[in-house]
Amino acid sequence: MIRTKEAKDASVSTFYYEDPSVNSRETAAAWIVKAASLAEMQPGYIMLRDLENRSEEGNQSCRLTGTAKAEEILEALEGKSIGRIFLIGRYKGGKAGFGVDLTAFELAVTLRNGDLALLSDIERDLA
Amino acid sequence: MNFRKRNRIFLQALSLAAVSVVLSSSAVFSEQAAENEIYESPNPAMAEAVREITWPYYETSREVAINSPELGRLFTDHKTAHALLTTAKTLEAVQVLKEAVEKGSLPGTAKQGHVAFGTSIDMAVVEGAALSHDTGMSGSGYALTEAVDEAGNTVKDENGSTVYEYLENGLYALHHEDNSQFTELRSNHSFNSALIVLINRERYKAAGYSDEQVDHMAILCMAHSKSTSGVRDLNSREDWLLCFDRMDSLVYAYNQDHPDAPISFERTPFEQDEDLLAAVVTESLAIRVGDVSRDSHPDAEAQSGELVHIDRSTIDDHGGSIEAEIEPMTAVIGEEGDELLHLKDRQVHAGEQNITMNRMYLGDDGVVTHEITVADGCSAPLCTQSSIGDHLGELYSARDGQFAVSIVFESFEDDEDGFFRESYEDFRMMAAQDYPNVTIHLPFDEEEES
């Protein structure tokens with residue numbers, strides 16, 4: 001997992017990664033489950049984001065429990081134009097968001113600026 | 001007494017029938033107020049002429065909605081009051097965006113394959129296009145023909161975008177809209193708003209517009225919607241070329257059907273005049289932001305002209321999902337109090353009626369800031385966030401720009417455990433990945449800073 005870029009605003013920072021092993025819906029779902037299963041991680045929920053039809057009547061975004069299994073995520077993805085899988089939860093007490101772009105298979109981790117000290121642990125645990 | 005409590009007492013005190021009568025007259029007042037006071041036109045005579053051209057189409061769009069199944073009847077208002085509000089917000093936004101380019105906070109130059117933001121704004125065109133932008137909701141126009149596979153499913157490309165059919169001449173295949181298919185009508189409405197401008201070219205010229213300005217208005221009408229225009233990223237030259245191809249296809253289809261009264265659209269100036277296309281980028285973003293800046297209120301009018309009543313006291317604000325928030329919610333439409341049944345309709349009205357004011361300004365830091373005022377930050381938070389997401393999506397459609405969204409709560413009485421603050425914090429973290437060129441500012445940030 002190689003960090004490629006980062007974006008920081010006044011409140012939150014997002015770090016982007018490449019990982020050649022995450023290259024399909026199956027491996028993307030597995031990565032999200034891995035993040036949800038990190039030691040000291042309290043998973044909140046998983047969002048399947050329909051980015052293609054953000055404001056459209058046919059928007060297919062949906063929400064799963066944070067402890068969903070990879071098979072459940074894949075089943076929920078079936079037949080939908082989902083652009084991103086996103087997990088939100090608390091890692092070592094700090095709020096953390098984990099996302100996979102299902103087009104470019106770019107990985108992303110978002111933390112509040114006050115919790116940036118957690119990043120190195122997250123990167124180590126996800127490696 | 002806070003807004004939430006006032007609202008509940010007000011709604012509980014009235015029967016549904018009384019609500020309909022009282023609010024019908026307030027809706028009329030609202031429209032009159034909009035027409036007379038909502039904004040000061042930079043070109044009043046031209047604007048009046050455009051309203052004369054376009055208002056009958058909006059009236060037709062109401063009739064189409066009434067006659068369509070649930071979906072059209074319950075659709076949020078896209079008629080004259082909306083056109084006026086969009087125009088007011090668009091004119092505000094375009095001035096802010098222009099100033100941002102002049103001050104360097106939006107890029108005035110572009111890298112290869114991109115289009116910059118421009119400052120050669122034509123206010124008469126912007127106003128005319130904003131007033132005309134939803135006339136295509138009147139239906140009876142054309143729709144892009146979706147490619148389908150052997151199983152009859154719509155074909156999607158690798159990005160999840162719908163794939164359309166082409167004619168042998170390389171233009172897109174179009175078919176006549178069936179007004180009974182409201183989803184198709186809605187999806188293609190920007191396309192048909194552009195068509196209506198071109199059909200009425202001589203009337204717009206009589207109002208004082210040149211041929212070039214009529215084409216300019218048509219392209220702004222077309223580009224106000226991301227999907228049908230093909231302009232998902234306003235800064236992408238490739239997307240604009242796609243849009244011009246679709247305009248050519250529209251003209252071709254119409255002229256095949258109307259050889260005695262052909263229409264035209266001249267794409268060359270937009271392709272060759274960099275300043276013109278850059279101005280179109282700025283103007284299009286202004287219209288997209290103006291369009292989504294729906295200052296709503298309880299009992300807002302739907303596309304059918306009927307009022308949608310949400311009893312916010314019946315929303316499960318702690319539901320934790322959109323479905324759970326609105327499952328127990330009482331939501332009715334019209335004098336008969338017909339219940340809103342579909343999840344999406346219930347979600348949209350619950351969310352949008354909680355957004356009461358929108359404005360754009362240049363922040364102290366020079367960043368273009370879109371401010372969204374939410375009546376009650378503790379009412380239907382996920383539905384409200386979904387509506388806010390629509391605003392973020394419009395700003396994300398100009399990906400070479402950096403924007404801020406400031407969310408303001410008129411009322412915010414959180415639980416002791418901070419449930420609603422947590423909800424909005426989660427939303428911000430998700431939005432940071434979905435809309436990376438937009439920064440969200442929440443009222444709590446100031447508490448943390450101080």
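## Burial and helix H8(B)

A residue is called buried when its relative accessible area is under 20%, exposed when over 50%, and partly exposed in between, with a 1.4 Å probe and protein chains only. Helices (H or I, at least four residues) and strands (E, at least two) are DSSP runs, numbered from the N terminus. Helix H8 (residues 189-199) of chain B is mostly covered, with ten of its eleven residues buried. Among them are His189(B), Phe191(B), Asn192(B), Leu195(B) and Ile196(B).

This is a predicted model, in which local features need pLDDT of at least 70 and side-chain atom pairs count only at pLDDT 80 or more, while totals for chains, interfaces and linings use all residues. Residues are numbered from 1 along each chain as its sequence is written, chains are lettered from A and ligands numbered from 1 in the order in which they are written, and side-chain values use heavy atoms, with hydrogens and water left out.

## Packing of H3(B) on H5(B)

Helix H3 (residues 44-67) and helix H5 (residues 80-102) of chain B have axes 9 Å apart and pack at an angle of about 135°. The pair therefore counts as oblique. Axes are lines fitted to C-alpha atoms, for helices over the stretch in contact, and angles run from 0 to 180 degrees between N-to-C directions. Angles under 35 degrees count as roughly parallel, over 145 as roughly antiparallel, 65 to 115 as roughly perpendicular, and the rest as oblique.

On the H3(B) side, Arg51(B), Trp55(B) and Tyr58(B) meet Thr80(B), Ala83(B) and Leu84(B) of H5(B); contact means heavy atoms within 4.5 Å. By class, the residues of this contact are four nonpolar, one polar and one charged. Here Ala, Val, Leu, Ile, Met, Phe, Trp, Tyr, Cys and Pro count as nonpolar, Asp, Glu, Lys and Arg as charged, and the others, Gly among them, as polar.

## The open sheet of chain B

In chain B, four strands form an open sheet with mixed pairing, in the order S6-S7-S8-S9. Strand S6 (355-362) and strand S9 (438-441) are the edge strands, each pairing on one side only. From one strand to the next the twist averages 20°. Two strands pair if DSSP finds at least two bridges between them.

Strand S7 (residues 368-376) runs parallel to strand S8 (residues 403-411) of chain B, joined by eight bridges, and Ile372(B) stands opposite Ile407(B). S8(B) also pairs with S9(B) in the parallel sense, over four bridges, where Ala404(B) has Thr439(B) as its bridge partner.

## Gly401(B)

Gly401(B) lies in the loop between helix H17 (381-396) and S8 of chain B. Gly401(B) is buried, at a relative accessible area of 0%. Leaving aside residues up to four places away in sequence, Gly401(B) touches Leu106(B), Pro107(B), Phe117(B), Asn235(B) and Asn437(B).

## Strands and cysteines

In chain A, strand S3 (residues 41-49) pairs antiparallel with strand S5 (residues 84-91) over eight bridges, with Arg49(A) opposite Arg84(A). S3(A) also pairs antiparallel with strand S4 (residues 62-65) of chain A, over four bridges, and Leu48(A) stands opposite Cys62(A).

The whole structure holds zero disulfides, a disulfide being a pair of cysteine sulfur atoms within 2.5 Å. For Cys62(A), the nearest cysteine sulfur is that of Cys383(B), 15 Å away. Cys62(A) counts as buried, at 19% relative accessibility. The sulfur of Cys221(B) is too far for a bond, because the closest cysteine sulfur, in Cys243(B), is 11 Å away. Cys221(B) is buried too, with a relative accessible area of 0%.
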